[in-house]
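Here is a short briefing on one protein chain. Please look over the sequence and the model before reading on.

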Amino acid sequence: MEGLRTPTELVVIVVILLAYGCPVQAIVHAYGLDERTVADWQKRAGKHCQQVHQAIVEQGNLVTTQVQADEIRAKGRKLVIWMGMAIDATSRLWLAGVVSVSRDRQLADRLLQQVRRCCQCVQGLLICTDGWNAYPKSIVRDFREKVKRTAGRGRCCLEVWPELCIATIIKQTKNKRVVEVTRKLTWGALEKAQQLLSMTPGCQEFNTSLIERFNATMRERLASLTRKCRHAAQRLETLETGMYLVGSTYNFCWPHQELSNRKHFGYGCTPAMAAGLTDHIWSVSELLRFKVTPAPWVEPKRRGRPRKATEPDPTVPKRPRGRPRKIA
């Protein structure tokens, strides 16, 4: 809100409409605002929501048993954009989101590194993904811990979590319809994977239905992700800020319909409440006013070699400064 001359109540209302997917032109005509002003507010709110996500969700306090990951393909202006998404199947909490112009190994690594920052160390975890072959190797690289095998001097070894399981779901389509689904366990023991799967209410077999449902919510509320629209994305930053705005309001502000049923909690509950990150439903104003603790200041390292502290030798005469005078 710093530096804004518009009343705070109007800014909050506009951000709520943007989080629900209201078109920018409708907001412009309804409130008499400039289109660039609305875009700037969305960018500000998205950056703040990213800081809130890093300060609360990515602190390694989440206890989960199943994570689902998938990608979204979106068309921009003269480019194709890929968005990697990950969600906690137990609490329906949105964990990670990455935006890139290519679907490569770096996209999978960045997504799984963000998931790793959310989870507690060394726990039983089942990760369900689609058939992209970059996922298993990235998961194994990111979910490792340093283990000292021998006493004394020596380097620690990196070992994969002992109770980590990776399930791959491959869907075959024909005429845009799914005709066959192949499920297989890529990493881990089958008994442990079945045990972790049974801990998630409503999950009876390996699937990625929850992350696909969240991707549909993201496509509904971000205009640039709609398949046939006039709001194609031009910059990755705009899409990333919009992703964090929708994801953070989904986590903290909007009660989840499935979690609010009698089968789960029986009252209005957000994914952040189900994950134990908060005890009440946040308002959008509370989300925008949340104060993020700044990172501690670290003194930068000096470049070059350190200076040698040597004392001058009194027996050696000092060299005169400047040019010697010419004697006529």
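This is a predicted model: local features need pLDDT of at least 70, side-chain atom pairs count only at pLDDT 80 or more; totals for chains, interfaces and linings use all residues.

In β8, R183 is the bridge partner of I169. Residues are numbered from 1 along each chain as its sequence is written, and side-chain values use heavy atoms, with hydrogens and water left out.

**Sheet and hairpin**

- Strands β7 (residues 164-174) and β8 (residues 177-187) run antiparallel and are joined by nine bridges. Strands here are DSSP E runs of at least two residues, while helices are H or I runs of at least four, each numbered from the N terminus.
- Two residues sit between the strands of the β7 and β8 hairpin, where N175 takes a positive phi near 60°.
- Six strands form an open sheet with mixed pairing, in the order β3-β2-β1-β4-β7-β8. Two strands count as paired if DSSP finds at least two bridges between them.
- β3 and β8 are the edge strands, each pairing on one side only.
- From one strand to the next, the twist averages 20°.
- Nine bridges also link β1 to strand β2 (residues 80-88), in the antiparallel sense. Within this pair, R73 stands opposite W82 in β2.
- Strands of a sheet pair through backbone hydrogen bonds, either parallel or antiparallel.

**Helices on the sheet**

- α4 packs on the sheet and touches β1, β2 and β3. Its direction makes about 155° with that of β3. Contact means heavy atoms within 4.5 Å.
- Helix α6 (residues 190-198) lies across β1, β4, β7 and β8, and runs at about 90° to β4. Axes are lines fitted to C-alpha atoms, for helices over the stretch in contact, and angles run from 0 to 180 degrees between N-to-C directions.

**Helix α8**

- Helix α8 (residues 236-252) has 17 residues and reaches 24 Å from first C-alpha to last, close to the 24 Å expected at 1.5 Å a residue. The expected span is 1.5 Å times one less than the number of residues.
- Of its 17 residues, 13 are buried, so α8 is largely enclosed by the rest of the structure. Buried means under 20% relative accessible area, exposed over 50%, and partly exposed in between (1.4 Å probe, protein chains only).

**Salt bridges**

- The structure holds 14 salt bridges. Each is a side-chain nitrogen of Lys or Arg within 4 Å of a carboxyl oxygen of Asp or Glu.
- R103 bridges to E71, with the closest N and O atoms 2.8 Å apart. R103 lies in the loop between β3 (94-100) and α4 (105-118) and E71 in strand β1 (residues 66-75), so the pair ties together parts 32 residues apart in sequence.
- R103 is partly exposed at 34% relative accessibility. E71 is buried at 11%.
- R103 also forms a salt bridge with D130, at 3.8 Å between the closest N and O atoms. D130 lies in the loop between β4 (125-129) and α5 (134-142), 27 residues from R103. D130 is buried, at 16%.
- R116 pairs with E145 at 2.3 Å between the closest N and O atoms. R116 is in helix α4 and E145 in strand β5 (residues 144-147), so the link spans 29 residues in sequence. R116 is buried, at 16%.
- Salt bridges with shared partners join K43, K47 and E237 into one network.

**D109 in helix α4**

- D109 lies in helix α4 and is buried, at 13% relative accessible area.
- Leaving out residues up to four places away in sequence, D109 touches S138, R141 and D142.
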